[in-house]
Every structure is written in structure tokens, then in C-alpha cells.
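Please open the model in a viewer and keep the selection panel at hand. The stops below go from one selection to the next.

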Amino acid sequence: MKAAVLVEPGKPLEIQDLTVSKPGPHEVLIRTAACGLCHSDLHFIEGAYPHPLPAVPGHEAAGIVEAVGSEVRTVKVGDAVVTCLSAFCGHCEFCVTGRMSLCLGGDTRRGAGQPPRLTRTDDGSTVNQMLNLSAFAEQMLVHEHACVAITPDMPLDRAAVIGCAVTTGAGAVFNAAKLTPGETICVVGCGGVGLATVNAAKIAGAGRIIAVDPMPEKRELALRLGATDAIDAGPDAAKEIVEMTKGGVHHAIEAVGRPASGDLAVASLRRGGTATILGMMPLNHKVGLSAMDLLSDKKLQGAIMGGNHFPVDLPRLVDFYMRGLLDLDTIIAERIPLEGINDGFEKMKQGHSARSVIVFGQ
């Protein structure tokens, strides 16, 4: 199969021929139909987050099951599936207490004594799997707890973005923030995750949804997806939000991963408000609350992958799309072939558009 391989940080991905192993007892082989380009991938590609190399990035995907291992019970050959990087073991402390997205997923990966899932076709050398998926490839071999079956009526290019951007953004609203209808929310950063957060806040019945982004194009997309207001992320953004809401917002969602964005989210809160950080900040950065923030009962939290319970959440999000509540079409800016992946990431760096989605077989 063809796959986009990260050989060296800071260098373009290389399209290489790889061989995928046969499914083990709990594994599922998926023919990849589509995969979104996520900013999290870019962190690894640029070397901001370390990972053993060579590796195949990509984690926001959908496809069709081609084969299953002997113990697989949750999906079958021919099923349409969405994958999720927060693979869960099902029996650790986090899983059994309902916090599946915190599972470290060690049991969902092959052990040291087992053959690798991915190898180079020419020399048999190991290629590392990234984030349990490695979806920038024509096929994925994953644990059954890294995918979930969806209705076959769902377009797979739209389904792909549910696997990360929408699960993270909607999860921040539904699971982490637990937004109550009528409450105010601001969303800092209007890329794929931020736009999904805006859309989910509309579905949840937020009273006022303030989108914050330096790019006018993205602010316009946020308004189309349900934002009631859209403002520039300038130095006075927090002051403007506090004035607009007469005291600040109940919820501030940071969805871009920049230190200044985290500070803006905290500064936009009203008394008793909660800031939720979704973006991948620089590893040495800290976001904090002042003494006065604490005396005002403000709260700060993270929410990895939106605190999802993806076997339940993803089919519900698919249903939201099928019923016309979730707007995935606006989030997708372009559909590209695998060979266009490096150009797609260059567009991401420019920051003007939302999601680029690889569609295999184009």
C-alpha cells in the first residue's frame, strides 16, 4: 500500500510503499477512504512533539473494514467505520470509571515480541504506528477499540473529520464543559476543532457563541456554523468579550494550542466560569489562574479528545449530521489526493482555511 511517511522532523512526508501485517486476534484491517489533516499531525511533523521515526502520521479517518482478527466482536467485514486515536483497553482505572479518553491504551498496541503492524515493502524495516492509527495510508491495521461502526449512508469524507476535530470540539461542549442551554461561550481559534466547537455549542443551545480568530475567513465560517459574534484575536479581545457579555463568558474553549490563546480564554471568563484547553500547547508552557481568578471561583481544565466516549459519541455525531444539525460540509475546505499531503500542510500553516481532507482513490 501507499503511505505518507515521516522520516525526519521538519522535512516533507515521503510517499512510500509499505506492507501491512495480517490482523491479530483483536485487530481490524481497514481500507482507508478519507483522512483529515489535523494540526496535531503538524506538531509531530515539525518535531515540536517527539515520536519514534520513521512513522506514518494521520489520525482523523474513516474507511471500510476489509478483514478482522479472530476475537473481534464489535465490527465485521464490510462495515463503514470511523477511527479514533483514543483507543481504550476497557479494563484500566480510567476505562472502568468512564474516562476512556485517558486510557494509555498499552494493551491495544502490539507487544515488543510481536511483529510490527507496518514495514517497508523493499527492505522489511519497521515503520512506527502513530497515535494507534497511522491513517495517512491506503490501509490501517488497528485494535477493534480504535474504531466504531457507523451507518453506511454516511459519506466517509465527512465522517473522517468526526474522528478527531468534531469529537474533540463537540466533546468539549457536551462532555467537558457540560454546557447548559442559555450559557455563554467563547471559542478561541476557528480551525477544524474550533469550528466544530461552535457548531456543537449551537446544538447544545448556548445563549451567545463568540468566535475568536485573527483570520476573517475563519470568522465568517464560524458565523455560518452558529456563532452569534465573531471578533479578531487582537490584544483587546478579552476586554471586548467581557464588555459584550457584561462580565465574561461561562465557558471559554481554547482550540488552537497557542500560549496567548490559553491566556485569552482565561481572561474572558466571568466569575465562576471554566476555561477548557483543547490545543496542543508547547510542551514547556504552563497555563494558569491568578489568585484573583481563584477567589472568583474560576476553573481551568484540559480535555484530551474532548473527554470522549467514542463508541457512543461518534454514532451520535453521525446522526446529528444525517439529521442536518451538524454541519461538516462547511468545515471541509478541500479534498486532496494522498500525493497532495505536503501542500495541504503548507496551506494549514498559512491559516486561511479550515480542514483539508485526503480522499483515497482520487
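Begin with helix 10, which gives the most to the lining of the largest cavity, with three residues. Helices (H or I, at least four residues) and strands (E, at least two) are DSSP runs, numbered from the N terminus. The model is predicted, and local features need pLDDT of at least 70, side-chain atom pairs count only at pLDDT 80 or more, while totals for chains, interfaces and linings use all residues. Residues are numbered from 1 along each chain as its sequence is written, and side-chain values use heavy atoms, with hydrogens and water left out.

Next select L37, G344, K347, M348, A354, R355 and S356, which line the largest cavity; here a cavity is a set of points on a 1 Å grid over the protein atoms alone where a 1.4 Å probe fits but cannot get out, and lining residues have an atom within 4 Å of a point. Helix 10 (341-350) and strand 18 (355-359) each supply at least two residues of this lining.

Then move to the open sheet of three strands, ordered 1-2-7 with antiparallel pairing, where two strands pair if DSSP finds at least two bridges between them. Its edges are strand 1 (2-5) and strand 7 (118-120), each of which pairs on one side only.

Methods: On a 1 Å grid over the protein atoms alone, a cavity is a set of points where a 1.4 Å probe fits but cannot get out, and a pocket is an open set with protein on both sides within 12 Å along at least five of seven lines; lining residues have an atom within 4 Å of a point.
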